[in-house]
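Here is a short report for a reader new to this structure. Please look over the sequence and the model, then read on.

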Amino acid sequence: TYFVKDGVLFSYDSTKTEIKAIVGLPSSTDFYDITALDNRLYIATNRGIIDIDKNTKSTSEFLVLNINDVTVNGISFQNIDHLKSNENNIEIIFDIISSMPVSTYKIKYKIDDNPWKTINNTERNLRFASLSYGKHTIILRIEYGENVVERTFVFNIDTPFWLTWWG
């Protein structure tokens with residue numbers, strides 16, 4: 001038997017009276033259907049189908065960092081490798097799919113050579129306003145014990161024309 005509570009899908013084994021967390025999804029996820037076939041569990045959600053091996057003992061396999069959107073000045077961008085000097089407000093919108101409760105993992109980010117910063121586990125976006133020109137590296141990291149999932153964004157913001165030799 002399966003049930004959902006607070007965005008976490010649980011299994012209940014009535015023979016052992018045991019409850020086990022299977023996967024935790026963002027609160028904006030709607031569960032539509034659950035089907036078990038052979039050793040696989042298929043979960044239909046508003047974000048797509050999740051395929052899980054029912055025999056997996058390790059919860060770390062279910063730590064996924066999903067980037068939903070990257071916006072520049074409020075507009076979605078597919079590629080942010082090279083930006084104009086006025087395209088300097090970046091927002092990264094993400095979700096985390098995991099089999100553990102939200103409180104058990106850490107969300108961190110780092111921009112350029114600055115130290116790592118930890119954000120609230122319920123946050124699902126990073127905002128960087130008025131970034132300076134030049135090359136930037138943003139790393140978004142999810143940590144659960146020894147397991148780490150990272151996404152790196154590297155981009156360059158052009159030098160404003162008034163700071164160029166001809167400006």
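## Aromatic pairs

Two rings of Phe, Tyr or Trp (its six-membered ring) count as a pair if their centres lie within 6.5 Å. Planes over 60 degrees apart make the pair edge-to-face. This is a predicted model. A search of the whole structure finds three aromatic pairs.

One of them joins Tyr-109 and Phe-128. Their centres are 5.6 Å apart, with 75° between the planes, and the pair is edge-to-face. Tyr-109 belongs to strand E11 (residues 106-111) and Phe-128 to strand E13, so the contact ties together parts that are 19 residues apart in sequence. Are these two residues buried or exposed? Tyr-109 is buried, and Phe-128 is buried too.

Phe-161 and Trp-162 also form a pair. Their ring centres lie 5.4 Å apart and their planes stand at 80°, so this pair is edge-to-face. Both Phe-161 and Trp-162 are exposed.

Where does Tyr-133 sit? Tyr-133 is in the loop between strand E13 (125-128) and E14. Its relative accessibility is 43%, so Tyr-133 counts as partly exposed.

## The open sheet

Which strands form the open sheet, and in what order? The order is E9-E15-E14-E11-E12, five strands with mixed pairing. Strand E9 (82-83) and strand E12 (117-119) stand at the edges. Each has a single partner strand, so one side of each is left without a neighbour in the sheet.

Within the sheet, strand E14 (residues 134-144) pairs with strand E15 (residues 147-157). The two run in the antiparallel sense, joined over eleven bridges. Ile-142 stands opposite Val-149 in E15.

## A buried loop residue

Asn-121 lies in the loop between E12 and E13. Is Asn-121 buried or exposed? Its relative accessible area is 14%, so Asn-121 is buried; the cut-off for buried is under 20%.

What does the side chain of Asn-121 reach? It comes to 2.7 Å from the backbone oxygen of Tyr-105.

Notes:
Residues numbered from 1 in each chain as written. Predicted model: local features only at pLDDT ≥ 70, side-chain atom pairs only at ≥ 80, totals over all residues. Heavy atoms only, no water. Pairing = 2+ DSSP bridges. Helix = DSSP H or I, 4+ residues; strand = E, 2+ residues; numbered from the N terminus. Buried < 20%, exposed > 50% of the residue type's maximum accessible area, 1.4 Å probe, protein only. Phe/Tyr/Trp six-rings, centres within 6.5 Å; stacked < 30°, edge-to-face > 60°. Polar contact = N/O pair within 3.5 Å; in protein donor to acceptor, adjacent residues only side chain to side chain.
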